[in-house]
Amino acid sequence: MKNFKAYFSIFLISLVSSTVFFACSNDDNQQQQIISSSKKESINKTTNKSALVQTVCNVNGPTLVNTNTPITYTYTNDSGTPANITWVANPANLITINGSGSTITATFAPNFVSGSITATGYNGTALICASKLNITKQVPTCCTPVLSASYICRGSGSGSAGGAVDISIPTGCNIDWSSISKIDVSLSSGTRFTATYPSSLYNQSQGTLTAPYNINSNKIRLPFINPECAPDVACTATFYFNNGCPTVTATVVTLGPLETSE
C-alpha cells in the first residue's frame, strides 16, 4: 500500500511537471509566432516604404498629334542617367521612331488613330524604369482651300490675254500644305497654263500638282494664257488630303479683274 501511494505521488508529480512543461512550450510557441509575425509586419512595412520611394520616369511630348509630321519625344529618369533607353511604338506599323537615347522623333502614318510610345531606361546611374505615353490622332478641322484669279485681255492676237490662279489656305483653317497629298487643276476650254513648275503642267489645260509645292507668300500661283481673248476664264481645283479630311473641289470664274472662289 505504501508502495502504491509512493508510485501515485510520483505519477502526480510527473503529470503536473508535464502539464507545466507543455504550457510553457505553448507559451514559447505563441511568443515565437508573435515575434515572427512582428518581423513579417516590419518587413512588409519596409517593403511598402521602399515601394513608395520608387524611381519616377516619364515620356514627355504631345498626346494629340497630326499625321505625317515628325514630333519630338523625350525620356526622363529621376534616379539618374540611364546608359540605355529602349523605345517601343504601338502599333509599330503606324508609328515610325527615328533616333535613340533620351530624345527621338516619331512620325505617325495617315491611318493612325490611337496608340502609345513606351521608353525604358536602365543601367548607368539610373534605376530601371519604364513609362508609357498614350497618343491620339488630332481630329482636323477640315476646310476648303481658296481659289482666286485675275485675267486681262488686251486685244485679240496681242499675246497678252492671260492671268493667274492663286491657291491659298484660309486663315483659321487647321490644315497645312503637308496635309494636301495632291491637287488636280483644270482650265476652261482654250486656256492653257504657262506655269513651269511642275513642267508637266506647262501649255496644258489640266494637270496634277504634288508635294513639295511651289509656295510663295503662302500661295501657289499658276499663270495661264487664253489666245482667243475669252471674256472669262474658269479654273477648277480638286484637293486630296492625307489627314482624314474628305476630298473637296473649288472653282473660280474670272468675271472681272479679280474673282475669288467661295
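Which hand does the link of C142 and C245 have about the S-S bond? The link is left-handed, with -95° about that bond.

## Before you start

This is a predicted model, in which local features need pLDDT of at least 70 and side-chain atom pairs count only at pLDDT 80 or more, while totals for chains, interfaces and linings use all residues. Residues are numbered from 1 along each chain as its sequence is written, and side-chain values use heavy atoms, with hydrogens and water left out.

## The disulfides

Let's stay with the cysteines. A disulfide here is a pair of cysteine sulfur atoms within 2.5 Å, and by this rule the count comes to three.

In the pair from the opening question, C142 and C245 have their sulfurs 2.1 Å apart. Strands, like helices, are DSSP runs numbered from the N terminus (strands are E, at least two residues; helices are H or I, at least four). C142 is partly exposed, at 39% relative accessible area, whereas C245 is buried at 6%. For these words, buried means under 20% relative accessible area, exposed means over 50%, and partly exposed is in between (1.4 Å probe, protein chains only).

C57 is joined to C129, with an S to S distance of 2.1 Å. This link is left-handed, with -80° about the S-S bond. The pair connects distant parts of the chain, since C57 belongs to strand 1 and C129 to strand 8 (residues 129–137), 72 residues apart. C57 counts as buried at 8% relative accessibility, and C129 is buried at 10%.

C143 pairs with C173, and here the S to S distance is 1.4 Å. The torsion about their S-S bond is about -55°, so this disulfide is left-handed. The link again spans distant parts of the chain: C143 is in the loop between strand 8 and strand 9, and C173 is in the loop between strand 10 (162–168) and strand 11 (180–187), 30 residues apart. C173 is buried, with a relative accessible area of 15%.

Four of them make an open sheet, ordered 1-3-6-5, with antiparallel pairing. Strand 1 (57–60) and strand 5 (95–98) are at the edges; each has a single partner strand, so one side of each is left without a neighbour in the sheet. From one strand to the next, the twist averages 25°. The angles are between N-to-C directions and run from 0 to 180 degrees, using axes that are lines fitted to C-alpha atoms (for helices, over the stretch in contact).

Two strands count as paired if DSSP finds at least two bridges between them. Strand 3 (residues 71–77) and strand 6 (residues 103–108) run antiparallel and are joined by four bridges. Y73 has I104 as its bridge partner in strand 6.

## One salt bridge

Side chains of opposite charge can pair when their charged atoms come close. A search of the whole structure finds one salt bridge, meaning a side-chain nitrogen of Lys or Arg within 4 Å of a carboxyl oxygen of Asp or Glu. The partners are D166 and R221, whose closest N and O atoms are 2.7 Å apart. D166 lies in strand 10 and R221 in strand 14 (residues 219–225), so the pair links distant parts of the chain, 55 residues apart. D166 is buried, at 9% relative accessible area, while R221 is exposed at 54%.
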